[in-house]
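Open the model in your viewer and keep the selection panel at hand.

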Amino acid sequence: MYPSRVYGILYLLLMTVSAWAIFMWLLTPLALICLVVPSMFPRAPTKAFRKCYHAVARRISTVWFYFACGLFEMATSIKLRVNIDPSCREGERSIVICNHHSHLDWYPLLCMLCRLQQVGQTRILLKDSLKRAPIFGWGFQCFLYIFLARRRDQDLGWIHNVLNYLNAYGEPSSLLIFPEGTDFCQETVEKSNEFAKAKGLRCFKHVLHPRTKGLHAIMEHSHDFDAIYDCTLAFQYFTENEVPAEQSILNARYPPVISINIERFDIKDIPKDPNGLQQWCSNRFTCKDDLLESCGGSSHLPLIGWANPANMRDVSQEDVWIRYIWGLGIAFVLDLLSFHLLWTNQMFRNYSIIATIIWLSVCQFDDGFDRWLVRSGTCTL
């Protein structure tokens, strides 16, 4: 086995073990308390209890992503640089939109949100199948990520329900959405350009034409967002035509450079009507295509212009590395404690087995913990 493959396996093993430890020690007890307390104490102030649940879950999410993003930036050879609009503010409620270039886009965007101290409050719109992924999907349910089944009416209704629930409990939230709806590849480029020709629009070279149904559903809701962050993501590939993917992590074939450019737009300046929002979004993706063309686009060649690391001053990098070290430290302590108790304590082994069976059952035979949270929370208002 090649040394790079061994390193990649160790990286993913450490990521998975730490996710399991954080999930078993922190999230599972929190979810059980949320399930049990209302039935045991029916007169308890439910709204205050739910607000407390989400406040704690937000902090656990922050710890987990400080660990995961710290591992991504500090234990790999990737140079990640983020060019942040000076008008961006730490902790504000934002809608993050971005071009969807590869399956690894989540990592750099989460690292960007760590810099802005928004990662714990951010909810990502994901495919419904991911909620059943062991450990990671269970955790995303506890954080109330928005899982979509790709059935438009059903998905738009679920987005509306989740935002209503978050509003009712005063939960600060940012959302991450990819308006293109799918990742960038030759097949999707051809379909996008066929659509553009039929509509008399410009054919893009580096991005796809955006779909705005989901974004419009979010924009027309009364949720208190502050801004839209328009992010443009550029990769330098490990080798020619090797688009970054999960396999890249396993084989330790990391993209040498990832660059992100962020432009902030005040929410009051964004059109709310469907046609106006579609035009605004199309204009932004035209700008993205031009911006990516100016840096050479994502390829195996070194990025130039704005995306060249030598030309980018990531002023928040030093601050975020302190947060990463904090997250890594907590995760490692939980890892060691878990290994010790699994080896020495039968009660902890039983708890781990029972908790795993319960989560598998909830995901297999029910809609999931996230659906229960929204349904039961709405009923008690």
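Which residues line the largest cavity? Select A19, I22, F23, L27, W64, I135, F136, G139, F140 and F143. Keep in mind that this is a predicted model. The space these residues line has a volume of about 100 Å³. Colour the selection by class: nine of the lining residues are nonpolar, one is polar and none is charged. Helices α1 and α4 each supply at least two residues of this lining, and α1 gives the most, with four.

Next, the other cavity. Select H54, A57, R58, S61, G120, T122, R123, C142, F143, Y145 and E171 to show its lining. By class, this lining divides into four nonpolar, four polar and three charged residues. Both α2 and β3 supply at least two residues here, with α2 giving the most, four.

Now the pockets. For the largest pocket, centre the view on W106, L125, L126, K127 and L130, which lie nearest its centre among 43 lining residues. About 1,600 Å³ of space lies in this pocket. Its lining holds 25 nonpolar, eight polar and ten charged residues.

Move to the second largest pocket, with a volume of about 460 Å³. Of its 19 lining residues, select F195, L201, H209, P210 and Q278, the closest to its centre. The elements that give two or more residues to this lining are α6 (186-199) and α9 (274-294). Here the classes divide into five nonpolar, nine polar and five charged.

Turn to the aromatic rings. The structure holds 21 aromatic pairs. Select W138 and W359: this pair is stacked, at 6.2 Å centre to centre and 15° between the planes. The pair links distant parts of the chain, with W138 in helix α4 (residues 136-142) and W359 in helix α11 (residues 346-365), 221 residues apart.

A second stacked pair is F140 and Y145, at 4.7 Å centre to centre and 10° between the planes. Both F140 and Y145 are buried. Then widen the selection to F23, Y53, W138, W359, F369 and W372, which form one aromatic cluster.

Select R371 and W158: R371 lies over the face of W158, at 3.8 Å from the ring centre. For the other, select K288 and F285, where the charged end of K288 sits over the ring, 5.3 Å from its centre.

The last stop is helix α10 (residues 317-344). With 28 residues, α10 reaches 40 Å from its first C-alpha to its last, close to the 40 Å expected at 1.5 Å a residue. Select its buried residues: Q317, V320, R323, Y324, G327, L328, A331, L334, D335, S338 and L341. When viewing the selection, recall that an α-helix has 3.6 residues a turn, so residues three or four places apart point the same way.

Definitions and conventions: Residues numbered from 1 in each chain as written. Predicted model: local features only at pLDDT ≥ 70, side-chain atom pairs only at ≥ 80, totals over all residues. Heavy atoms only, no water. Phe/Tyr/Trp six-rings, centres within 6.5 Å; stacked < 30°, edge-to-face > 60°. Buried < 20%, exposed > 50% of the residue type's maximum accessible area, 1.4 Å probe, protein only. Lys NZ or Arg CZ within 6 Å of the ring centre and 35° of its normal. 1 Å grid on protein atoms, 1.4 Å probe; cavity = no way out; pocket = protein on both sides within 12 Å on 5 of 7 lines; lining within 4 Å. Points joined across faces, edges and corners; volume = space filled by probe spheres on them. Nonpolar A, V, L, I, M, F, W, Y, C, P; charged D, E, K, R; others polar. Expected span 1.5 Å × (residues − 1).
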